[in-house]
Amino acid sequence: MNKKNSHINPSLDTEYVLKEAEKLVSRQLDHSHRRRFLKQGLTLGGLAMLTGCDISDNSSVESALTRISGMNDRVQAWLFSGQLLAPVYTESQITRPFPFNAFYSEDEAPVIEAADYKLAVSGLVADKREWTLPMLYQMTQVSQVTRHICVEGWSAIGKWGGVPFADFLKLIGTDLNAQYVSFKCADDYYTSIDMATALHPQTLLALTYDGEPLPRKYGFPMKLRMPTKLGYKNPKHIQVIEVTNKFTGGYWEDQGYNWFGGI
């Protein structure tokens with residue numbers, strides 16, 4: 001970076017920050033290693049590195065950060081491949097015990113009775129009937145041993161089983177041209193994903209873990225398992241699935257996390 005720009009005043013103009021960051025992004029995207037750049041990511045925390053300035057207390061730059069994060073989402077979506085698979089592992093490589101992770105303690109995880117559970121579907125789907133667990137268990141099940149990657153820097157390998165989400169979406173007559181699929185959960189968590197990720201062959205409505213019914217601490221009775229996304233994009237204890245063209249954000253995303261959340 002040019003030395004004269006290395007100590008830019010925190011009160012600098014929002015448009016200046018945005019334009020400088022976009023210039024750097026454009027140059028990186030023209031580079032042959034743009035996928036590696038994307039993985040390193042232009043995130044909310046990365047803008048200070050790109051501009052060489054301290055923006056932590058500058059409210060006027062918050063809008064620029066939000067716009068940069070949105071641009072990051074669009075670039076990730078552009079590079080996302082609906083057929084490129086995340087790595088798979090052997091059962092001997094499973095992390096034992098697989099860690100619990102949530103914004104609450106393990107003993108605060110929702111208690112849901114299997115007999116009472118009903119999954120609601122809404123939005124741009126033809127069949128809006130509720131789904132019980134026996135109905136979901138009757139669908140064709142697959143399993144995968146994949147890595148969960150947490151935004152906090154740790155990862156773990158687990159074996160997840162369930163219904164390919166694409167199969168479920170097609171069965172309920174989903175408008176596959178819709179932009180988003182959103183989720184509301186029993187633990188008050190919520191998030192949303194793009195349709196391309198929803199239809200990815202490794203995206204599962206996970207009903208089991210390591211060959212057993214999904215434990216409460218991992219999201220009973222059902223979680224969405226996406227090895228192409230960071231952990232916070234994988235909702236647990238799902239109660240409502242909505243197909244929509246309305247952007248609904250997410251629990252962490254609304255607090256500044258990147259929405260696309262790809263790895």
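Gln144 lies in strand β2, which spans residues 142–149; helices (H or I, at least four residues) and strands (E, at least two) are DSSP runs numbered from the N terminus. The model is predicted, so local features need pLDDT of at least 70 and side-chain atom pairs count only at pLDDT 80 or more, whereas totals for chains, interfaces and linings use all residues. Residues are numbered from 1 along each chain as its sequence is written, and side-chain values use heavy atoms, with hydrogens and water left out.

Gln144 is buried because its relative accessibility is 9%, where buried means under 20% relative accessible area, exposed over 50% and partly exposed in between (1.4 Å probe, protein chains only). The side chain of Gln144 comes to 3.0 Å from the backbone oxygen of Gln202. When residues up to four places away in sequence are not counted, Gln144 touches Gly158, Lys159, Trp160, Gln202, Leu204, Arg225 and Pro227, a contact being heavy atoms within 4.5 Å.

Ala114 is located in the loop between α4 (59–79) and β1 (120–123). With a relative accessibility of 36%, Ala114 counts as partly exposed. Apart from neighbours within four places in sequence, Ala114 contacts Leu133 and Phe220. Ala114 and Phe220 are 106 residues apart along the chain, and their C-alpha atoms are separated by 8.7 Å.

Two cysteines were also examined for burial. Cys150 is buried at 8% relative accessibility, and Cys185 is buried with a relative accessible area of 6%. The count of disulfides is zero, a disulfide being a pair of cysteine sulfur atoms within 2.5 Å.

Key
A polar contact is a pair of N or O atoms within 3.5 Å; within protein, one must be able to donate a hydrogen and the other to accept it, and residues adjacent in sequence count only if both atoms are side-chain atoms.
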